[in-house]
Amino acid sequence: MKKYNVGIIGATGMVGQRLATLLDNHPWFNVTVLAASARSAGQKYSEAVSKRWAMTTPIPTAMENIVVLDALKDIDTITSQVDFVFCAVDMPKDETKALEEAYAKRECPVMSNNSAHRLYDDVPMIIPEINPEHAEIIHAQRKRLGTKRGFIAVKSNCSIQSYVPALHPLKEFGIKRVLACTYQAISGAGKTFERWPEMVDNLIPYIGGEEQKSEIEPLKVWGTIEGDKIVSNSDISITTQCLRVPVSDGHTAAVFVEFENKPTIEQIKERWAAFAGKPQQLELPHAPKQFLNYFEEPDRPQAKLDRDLEGGMAVSIGRLREDTQYDYKFVCLSHNTLRGAAGGGVLMAELLAAEGWFDR
Ligand code: NAP
């Protein structure tokens, strides 16, 4: 595989730091540019993140001395030095949208962790094991943007990355209704306990905009390409409640599901065990070997014990049993800044690289 030079836009933030650690010594991607806001620009990366490095591993040595560029002012320099960028910025939605489009229009593909472009019907929102075929919509997006090479691909919200993978192999039984309550870690808000002491011994029953994303985004992921649009699935009805809980990393979901043709417990477990997608077939560098992992122990999955399974890229499931109102209920867990954010973005980029989307 050819090596690609890549940039991280928002490199100083929580997701940006994760991207930096995941891309350190990546076999295909070589980080040549780190960018953030004007507040960080001009400083060495090690200085810019010194007081807020939140990873358990040290700042990658190869990136310590890279001088952080200004994502907006230095856009021409950045796009001339990289083959594509990862983008994870905390900016108002319209500014994020303008920033990502400006990169794409300079023929620099954008792997976005942000929500600004998620619901555009010609922007693929890819969970690589589930809807890799949505990449084909890039042709239509390029026509709209007037680009030859540039495009934007997004990863979905972190909240849906446990229950959508768990439900996906069960679609053959006709999923009718889903109720999911999510219990979301504080890193999902870009926070640690040091920076958010109010979360110790606490639960906040509100995460702005999260329930809407958690109900709408799965339907786009399960949508189909029709002409120059991704048309969302309209057969499945989803309702959610999203709570912030005092957990550092790892989003858990309690899920209830009703089917057209109710499968047996054995059939569900068999589908989970057998499920593999394109990342597994292509053996992408960040693909977990076993994506869906069922625990028979009644007290699993647990955030602290199971979030790092397969480098935080696998999904853990447990407590599958019949329900009195729906057909079944179960609990699932995924690492929100790995599978749910930076790792999911890296895996999406690996898929698109393997399929040649950065070469055309
Ligand atoms: P964060 O820790 O607050 O970091 C924000 C980053 O954006 C920093 O690098 C910051 O640079 C940069 N930034 C802010 N304003 C900017 C501007 N005007 N121009 C250029 N860069 C600017 O946020 P985060 O948690 O990493 O989240 C980043 C994005 O990922 C958000 O869209 C978030 O919704 C999404 N996301 C997060 C998670 C998660 O689990 N945390 C999961 C999925 C998606 P400075 O340091 O210079 O201010």
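This report covers the nonpolar cores and the ligand surroundings of a predicted model.

## Basis

In this predicted model, local features need pLDDT of at least 70 and side-chain atom pairs count only at pLDDT 80 or more, while totals for chains, interfaces and linings use all residues. Residues are numbered from 1 along each chain as its sequence is written, and side-chain values use heavy atoms, with hydrogens and water left out.

## Nonpolar cores

A nonpolar core is a set of buried Ala, Val, Leu, Ile, Met, Phe, Trp, Tyr and Cys residues joined through side-chain atoms within 4.5 Å; buried means under 20% relative accessible area (1.4 Å probe, protein chains only). The largest such core has 52 residues, of which I9, Y103, Y163, L167, V255, W272 and F330 touch the most other members. Another core, of 46 residues, lies apart from it and includes A20, M348, L352 and A353.

Leaving out residues up to four places away in sequence, I9 touches A35, A71, I78, V85, F86, C87, A88, V89, L99 and Y103 (contact: heavy atoms within 4.5 Å).

## Ligand surroundings

The ligand is surrounded by 27 residues, the closest being T12, V15, S37, S40 and R52 (a heavy atom within 4 Å). By class, this shell holds 10 nonpolar, 13 polar and four charged residues, with Pro counted as nonpolar and Gly as polar.

For S187, a backbone N or O atom is 2.9 Å from a ligand nitrogen atom. The protein buries 84% of the 900 Å² that the ligand exposes when taken alone (Shrake-Rupley method, 1.4 Å probe).

Technical notes: Buried means under 20% relative accessible area, exposed over 50%, partly exposed in between (1.4 Å probe, protein chains only). A polar contact is a pair of N or O atoms within 3.5 Å; within protein, one must be able to donate a hydrogen and the other to accept it, and residues adjacent in sequence count only if both atoms are side-chain atoms.
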